[in-house]
Amino acid sequence: MNMKKINSKFEIRNPKQIKIINLWVGILTLCASLTFAAGELNNSILFRALSDELNRSITRLQLESQAKPFYIAYRVLDLKEIEIRASFGGLLLNNESHSRNLYVDLRVGNYQLDNSNFICQVSGGGVIETDETRLPVEDEYFALRQAIWLVTDGTYKKALETLARKKAYFQNKQTNDTIQDFIAVRPCSIIEPLAKFELDKNKVKAKVIEFSKIFNKYPQILESYVAFKFYAGNQYFLNNEGAKNLREERLVSLLVWAKAQSDNGELIEDFTEFHGKDFNDLDFTTIENAINAWAETLYMMVKLKDSEEDYTGPVLFLGQAACELFFQILGLGVSDVRAPIYENEILERNMSRQNLGIFSNRLGRRVLPNFISVYDRPNKKEWDNTRLVGGFTIDDQGVRAEDVELVKNGKLTGLSMCRTPIAKIKETNGHARYYKNPFGTRHIGFVSNLIIDSEQKISAQELLKKLKELAQDYGNDFAIVITKLVSRKPESLEERYQRFYQNRGKIPPLLSSPLNIYKLNLKTNALELIKGLDFSQVTPRMLRDIVVTGDKEYVYNFVYRDDNGNEYPVSVVAPAVLIEEMDLIQKKGEIRRLPIAPRP
Amino acid sequence: MKKFFLCLSLVLVHQLFAQKDIVLKTMTAELNRSYKILSKQKPYPLYFLQYELMDEHQVNISATLGVITSETDEHHRYLDVDVRIGSYKLDNTHEIRGAEDDDWWSSPIEVPIDDNPDALEIILWSATDKEFKSAQEKYIKVLNERQVKVLESDTSPDFSKAPAIEYTGEIGKIDFDRALWKSHLRELSAIFKDYPWIYNSNISLRATSLTKYLVNTDGTKLKHNSIRYNLRITAETMAEDGMELYLSSPNVVFDIKNLPDMNELKRQVDSLINNLDALRNAPMVEPYSGPAILMNRACGVFFHEIFGHRIEGHRQKSEFEGQTFTKKLNERIMPEFISVYDDPTMDKFEGNDLNGYYLFDDEGVRSQRAVIVENGILEGFLMSRSPIAKFPQSNGHGRRQYGRKVVSRQGVLYVKSSKEVPFAQLRDALIDECRKQNKPYGLIFYDISGGFTTTGRYGPQTFKVIPLLVKRVYVDGRPDEVVRGVDIVGTPLLSLSKIVLTGDDYDIFNGTCGAESGWVPVSSISPSILVSEIEVEKKAKGQERPPILPAPTEPSR
């Protein structure tokens, strides 16, 4: 893999360098506006309304005896969406919508100390909204200005109050966060095309209904759906540092969910998803085969008895399981690496915990065996003719996205960064994602296309041979192969609330439970699907226990979903991995009486 | 004879239609199949099963400052399965004392919108099985509680019988010229452009077609539809001291043709703007206790909040409820010139459509006029199929939003007076009452947004009603003055006894009410009333400042 173009930059800048950057920002702003003056974009009513209100606010928005904002950024997501959902051959819904949401990033103070990275409860958000608002879907200058004006005003007052409380917090704690809150960047002026919303709706509808019918033949499946979602549109971005850019937004998804009941009454749920950027990325024939195979596996699982013994020994992770393993431990570990400060413990206790940023203090240290390197490549569009969906050219802070080396020969060399620096990395690499929590909003660095590169690759047959050898060393008569870990389906607000209240304050496991587990008989070489096992105490150390990897990469496109309703498309490209030792313990699922009346 | 023949053919057409309706047919078949099996399940067989399917098609168009801000067109179908285990006397729906009510979490079950019978029957089967098991679990808890806790004060049965009804009504569709109405909404919303001190304004048109399919083991089979168009004007601003001010004007009709014409709608917009302008410049009122008039629509909301929720049947039975009126049956609870009915069979009042009108409730019972207060005497309650002492039968008030459990709710609350005077006289009476009490002024409440009322036993039996537009009427003849910053507070029994006179100016409030069983459409009809004493307290006020920069006005280029 040629990775020469990837730069990993983390250097400490002194204030003089920041001033130079600011000057540079000014020059580039001028250049950028000259470029745009001739462009079609400047005629866009939306950009004009954003720009006029931004200019007015940055120069004149000031409460007496208080500071003006030093940074204002407007981000508008203008999206058309369609959702078609069916269950057991019946159409559940077929809805289209168009929305235009404005997100405001407004900062008071200065780059060293501003109102960000601090979580507290402040008033506001009644008649005058804060942080975000809906804009009219029709282009009319005055109506757009009015909405932008009000939300800017509300966000400014909130920012002043937050900064005052943050300063008071530091005063009381007799401490200060010496790391800068915000870093300057070169303004980005990429203009991507305006997205087209093209779709053969009738064809999709017919396919969704047809796919949903697959489950009619399995009486053990109690509930199921197949959903098609497509959104297309643009991100309009503008800030007072001179950035003005347009990002194309597209994601097409086919989601399949089912809940089945095993013969012993255990409820088994599974979810699978297929994604692309364009409608043509979804090959319906392949998907149909995949859904059939997936349903068949679920059907096989309901026929199984629970494993009667625990397991200690080598585990081979294949396909989705290998990708989820890298994403959940490493991907989340290098994301959101600057933890915010909470004004009080009650707030912190009430936030849901997500295992983000656990590698933030491990730069330069070994996190994987020395034959594995890892990259986060948002600019990579596809892998072996398969579309990757996690990437973007511009991030949610309007910054040009850069490919980044996360791990070189097993040692952590980089992190997915936004404009919030940490002690050892004072630059963004354009991986910002907008992040909502119950008490406000912020930006976090987040992985996009996570690419795992191994120098110790062996064929599938050799992998199985190695797995057997290791298992024999442990004195086992079988070894474990895992092909799928539990992934999260889209949840309604009510479902998320329930989960939030159940999990409040609890630390979630580092790795989700295995769903498709196979037992490899060392004598007969037979692979047998089993269930009723779960991981015991997974730590980041597990990654260092990788012995060897496969020679074929699996491309896994999915959407990361969290307790707060944040959703980010992610791609992982990873080979199969063999872990030297893991403990799997018996686990009982939810048992319910079998259906009383037979299924019609 | 001709008339009889015509009626008979209508019945035949209806029956034929019912048989052909694939949704009703599938629901009935699955209901019968499930009932046959589950009613034999020992030791706790099912004795009643009901499926209700709500088909909701909603078009929503919203405009602000001359542009369309959003336009949605959504179609869903939701299923509710009601399972009863045990007997009419004691079943799984019985209140469990000391346990949290988890029914709040129930989420609606989506079913196909395309009449696919195979999919529908699988979903019906799966939902029935889930509900049956959960009902069995609950019933065991109920039986156990009977053993370990004292007997409830009301030992009425848990469920009442109801006659089987078969009905298939006309199924209407949302039908309006979208392009024309979008242009109307743009035009109306553009009026607000000249008022930069109004921070948020919106004109929305929501068209809803709701078709309900209901089958139950009583033998009831229903399919009926309602269409509503709601054109709503709203505007918000802030006073200099940070108080948030909000006014709205709903227009609910069954046929788009009955919406007010553009001239009338423009008049409503202008009136709303004028009232909001007066409000933001109005002085704050200090806490006050004295005479007041509640204007008709405001009075309708007042009765809905402080009285209507307290005469809902299930509250008379629950051991957790304050039961303000439970033991007051056949006693005077308000002046003898006031009677109160809840009559959801009324579709119109003085030619205007009533949002709370419905044909059948969500327990398969035909809607009925319920006499609540006759000449000041409490005579009845709003009844669902959950009986209470002295009221063994439903009067067709069991209602819900999809995904919720049915409780008794208001439909069309009608406050009728026999001591009516023209409004001018009522105003004079207010001034006389002020003089009598040595008060320099009285209050007139023109508009009320809603309110809160604590009906629970562990809270104080008080209410708070949120007025939107209040005027001070001076005894010395000064012009009336708009004031702001107050909420009406009090206790229901005392407040109702203070009514001294009413106007003859009946008007309607059409709204949507939210309670345990979700959001349901309601109406209140009332004349203006004079009360000898009402108490107002300071309203909680926002602490935010009005916007710092002036509103943007002219395009920059």
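This is a predicted model: local features need pLDDT of at least 70, side-chain atom pairs count only at pLDDT 80 or more; totals for chains, interfaces and linings use all residues.
Local features are given where pLDDT is at least 70, side-chain atom pairs count only at pLDDT 80 or more, and totals for chains, interfaces and linings use all residues. Residues are numbered from 1 along each chain as its sequence is written, while chains are lettered from A and ligands numbered from 1 in the order in which they are written.

**View 1. Chain A as a whole.** Chain A holds 9 helices and 24 strands; helices (H or I, at least four residues) and strands (E, at least two) are DSSP runs, numbered from the N terminus. The C-alpha trace spans about 80 × 55 × 45 Å along its principal axes. The radius of gyration of chain A is 25 Å, which agrees with the value near 25 Å for a compact globule of 600 residues. This radius is taken over C-alpha atoms, and the globule rule is 2.2 Å times the number of residues to the power 0.38. Of the 600 residues, 47% are buried. A residue is buried if 20 or more other C-beta atoms lie within 10 Å of its own, exposed if 12 or fewer, and partly exposed in between, with C-beta atoms placed from the backbone.

**View 2. Chain B as a whole.** Chain B has 9 helices and 25 strands. Its radius of gyration is 26 Å, close to the 24 Å that the globule rule gives for 557 residues, so chain B is as compact as a globular protein of that length. Along the principal axes, the C-alpha atoms fill a box of roughly 75 × 65 × 60 Å. Buried residues are 44% of the 557 in chain B.

**View 3. The contact between chains A and B.** Chain A contributes 47 residues to this contact and chain B contributes 52 residues; two residues are in contact if their C-beta atoms, placed from the backbone, lie within 7 Å. On the side of chain A, at least two residues each come from helix H2 (45-60), strand E2 (90-108), helix H3 (141-173), strand E5 (221-239) and helix H9 (493-503). H3(A) gives the largest share, 9 residues. By class, the side of chain A that touches chain B has 20 nonpolar, 12 polar and 15 charged residues. Here Ala, Val, Leu, Ile, Met, Phe, Trp, Tyr, Cys and Pro count as nonpolar, Asp, Glu, Lys and Arg as charged, and the others, Gly among them, as polar.

**View 4. A:Gly90 and its partners in chain B.** A:Gly90 lies in strand E2 of chain A. A:Gly90 counts as buried because it has 25 C-beta neighbours inside 10 Å. Leaving aside residues up to four places away in sequence, A:Gly90 touches B:Pro112, B:Asp114, B:Asn116, B:Ala119 and B:Leu120. Within chain A, the C-alpha atoms of A:Gly90 and A:Lys213 are 8.0 Å apart, although 123 residues separate them along the chain.

**View 5. Helices H2 and H3 of chain A.** The axes of H2(A) and H3(A) come within 9 Å and cross at roughly 40°. Axes are lines fitted to C-alpha atoms, for helices over the stretch in contact, and angles run from 0 to 180 degrees between N-to-C directions. The two helices H2(A) and H3(A) are therefore oblique to each other; angles under 35 degrees count as roughly parallel, over 145 as roughly antiparallel, 65 to 115 as roughly perpendicular and the rest as oblique. Residues of H2(A) that meet H3(A) include A:Ile45 and A:Leu46, and those on the side of H3(A) include A:Tyr141 and A:Trp149. The contact of H2(A) with H3(A) divides into 8 nonpolar, 2 polar and 4 charged residues.

**View 6. Helices H2 and H3 of chain B.** Helix H2 (residues 22-38) and helix H3 (residues 117-148) of chain B pack at an angle of about 35°, with axes 10 Å apart. Among the residues that meet are B:Ile22 and B:Leu38 in H2(B), and B:Pro117 and B:Phe132 in H3(B). This contact of H2(B) with H3(B) has 9 nonpolar, 3 polar and 2 charged residues.

**View 7. Backbone features in loops of chain B.** Most residues other than glycine have a negative phi, and most peptide bonds are trans. B:Lys42 and B:Pro43 are joined by a cis peptide bond, with omega about 5°. B:Pro43 sits in the loop between H2 and strand E1 (46-64) of chain B. B:Leu65, not a glycine, has a positive phi of about 45°, and lies in the loop between E1 and strand E2 (67-85) of chain B. B:Leu65 is buried, with 23 other C-beta atoms within 10 Å.
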